[in-house]
Amino acid sequence: MKRVNALPKVFLRFIQADARLYIYILLAFIIGGIFAALFAFGLPESALTELSLYVDDFFQNMHKSGTDSVLLFQDGLVMHIKSFGILLLLSVMVIGAPFIAVFAGLKGFMQGFTLFFMFRVYSFRAVLFFLAGMLPHGLILLPCYSVLFVTCLKFSKSLVRDRQNLKARLLHFALILGILFLVAVMATLIQAYVEPLFIRLIAGMYTA
């Protein structure tokens, strides 16, 4: 029990040790979200109508027959493999740190665009979609990717300062990435097999 109670303190110390990097990543994510809001609310009516038809079709299919969870899980898994692969490549580059921050901004843009687009089309009903279809897996993925971005930044910066014990550091870095990837897979399972159940319950609100 004491070990369980100590976990939040350990995690807090872990975050505080690299507080500046986490703030850096958070700012990149927020900036990406701001650009997403500008882009979503600046879409011309023709593009908005076309995207709305796609989303309407999604909700109609969810309301009638649900979704293919296996395919959804596979798509999510491929996305994470690509993301981790890109970050791994950037991490071993001496000049990779700025591009890691840009990648964090792109993640913020993608998540933000989905939310702001839904809000523009469905107004406050978008909040319900956020709670049912984005928040559950997001509560896992956001901390996971935050730690991932900071870990990659630290490793990339360390290559500039010191190249000693590179093999040991690389193994430690790969181990952390492996653990974080497993966390991302867990979030994908929730996204593929749990969230569709919630979305199907509310899909009728978006098809009327």
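Entry on the source. I noted that this is a predicted model, in which local features need pLDDT of at least 70 and side-chain atom pairs count only at pLDDT 80 or more, while totals for chains, interfaces and linings use all residues. Residues are numbered from 1 along each chain as its sequence is written, and side-chain values use heavy atoms, with hydrogens and water left out.

Entry on the fold. I found 9 helices and 0 strands in the chain, where helices (H or I, at least four residues) and strands (E, at least two) are DSSP runs numbered from the N terminus. The C-alpha atoms fill a box of roughly 60 × 45 × 30 Å along the principal axes.

Entry on contacts. I took contact to mean heavy atoms within 4.5 Å, and among contacts between residues at least 6 apart in sequence, 85% join residues at least 24 apart.

Entry on S69. I located S69 in helix α4, which covers residues 69-91. S69 counts as buried because its relative accessibility is 17%, and buried means under 20% relative accessible area, with exposed over 50% and partly exposed in between (1.4 Å probe, protein chains only). Leaving out residues up to four places away in sequence, I saw that S69 touches A192 and Y193.
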